[in-house]
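Visitor: I would like to learn how to read the cross-links and the helices of a protein model, one feature at a time. Could we begin with the structure in view?

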Amino acid sequence: LTATTLPPLIPSAVKGSNMPPLVVADKCKAGHKSIANKKKEISMDTTGEQKTNMLLEFLRCQVKTNAKNCKDIEKEYTLCHKSFMGTGSYKGMRHCGKPMAALYQCVISSSKSP
């Protein structure tokens, strides 16, 4: 594999203050502001935690407006979240970090500023 064929790195945590410039839908601006001001990392692995939920709300808002191509990934995350909250696992995973990171990556790449 060459560097051009490798998939992009999917983060396990993000710092709201380090998020790339995005095209943020008007109705998502409050959610973006609430996470963009965070200096501490938001872990993708802490399913149900307040900061992670704030990030999730913003991502879902972006999916509805600017990143409609990410709907399938959002559905996968929702299945994971529901299963995790109900049984404590999803497809053998003890958290929803991978589906959350995939949703984040999709929304970020679909919403980058020109």
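This is a predicted model: local features need pLDDT of at least 70, side-chain atom pairs count only at pLDDT 80 or more; totals for chains, interfaces and linings use all residues.

Visitor: How many disulfides does the count come to, if a pair of cysteine sulfur atoms must lie within 2.5 Å?

Guide: A disulfide is a covalent bond between the sulfur atoms of two cysteines. With that cut-off, the count here comes to three disulfides. Counting the bonded cysteines along the chain, the pattern they follow is 1-2, 3-6, 4-5.

Visitor: Which cysteine is joined to C28, and which parts of the chain does the pair tie together?

Guide: The partner of C28 is C61, with an S to S distance of 1.9 Å. Because C28 lies in the loop between β1 (13-15) and α1 (29-36), while C61 lies in helix α2 (residues 50-65), the pair ties together parts that are 33 residues apart in sequence. The torsion about the S-S bond of C28 and C61 is about -90°, so this disulfide is left-handed. As for accessibility, C28 counts as buried at 1%, and C61 is buried as well, with a relative accessible area of 15%.

Visitor: Where do C70 and C106 lie, and how far apart are their sulfur atoms?

Guide: The sulfur atoms of C70 and C106 are 2.0 Å apart, and the two residues form a disulfide. This pair links distant parts of the chain, since C70 is in the loop between α2 and α3 (71-87) and C106 is in helix α4 (residues 97-110), 36 residues apart. Here too the torsion is about -90°, so the disulfide of C70 and C106 is left-handed. C70 is buried at 0% relative accessibility, and C106 is buried at 11%.

Visitor: What is the torsion about the S-S bond of C80 and C96?

Guide: That torsion is about -100°, so the disulfide is left-handed. C80 belongs to helix α3 and C96 to the loop between α3 and α4, 16 residues apart, and their S to S distance is 2.1 Å. Both C80 and C96 are buried.

Visitor: Which residues of α3 are buried, and why can they be said to line one face of the helix?

Guide: An α-helix has 3.6 residues a turn, so residues three or four places apart point the same way. In α3 the buried residues are E74, Y77, C80, H81 and F84. Seen down the axis of α3, these buried residues fall within an arc of 120°, so they line one face of the helix. Among what covers the buried residues of α3 are α2 and α4, whereas the face turned away from the buried side carries the exposed residues D72, K75, K82, G86 and T87.

Visitor: What span should the 17 residues of α3 have, and what follows just after the helix?

Guide: At 1.5 Å a residue, α3 should span 24 Å, and its end C-alpha atoms are 24 Å apart, which agrees. Just after α3, G88 takes a positive phi of about 90°.

Visitor: To finish with one side chain, is T52 buried or exposed, and what does T52 touch?

Guide: T52, which is placed in helix α2, counts as buried at 1% relative accessibility. Leaving aside residues up to four places away in sequence, T52 touches I42, S43, T46 and M100.

Definitions and conventions
Residues are numbered from 1 along each chain as its sequence is written. Side-chain values use heavy atoms; hydrogens and water are left out. Helices (H or I, at least four residues) and strands (E, at least two) are DSSP runs, numbered from the N terminus. Buried means under 20% relative accessible area, exposed over 50%, partly exposed in between (1.4 Å probe, protein chains only). The expected span of a helix is 1.5 Å times one less than its number of residues. The arc is that of the directions from the helix axis to the C-beta atoms. Contact means heavy atoms within 4.5 Å.
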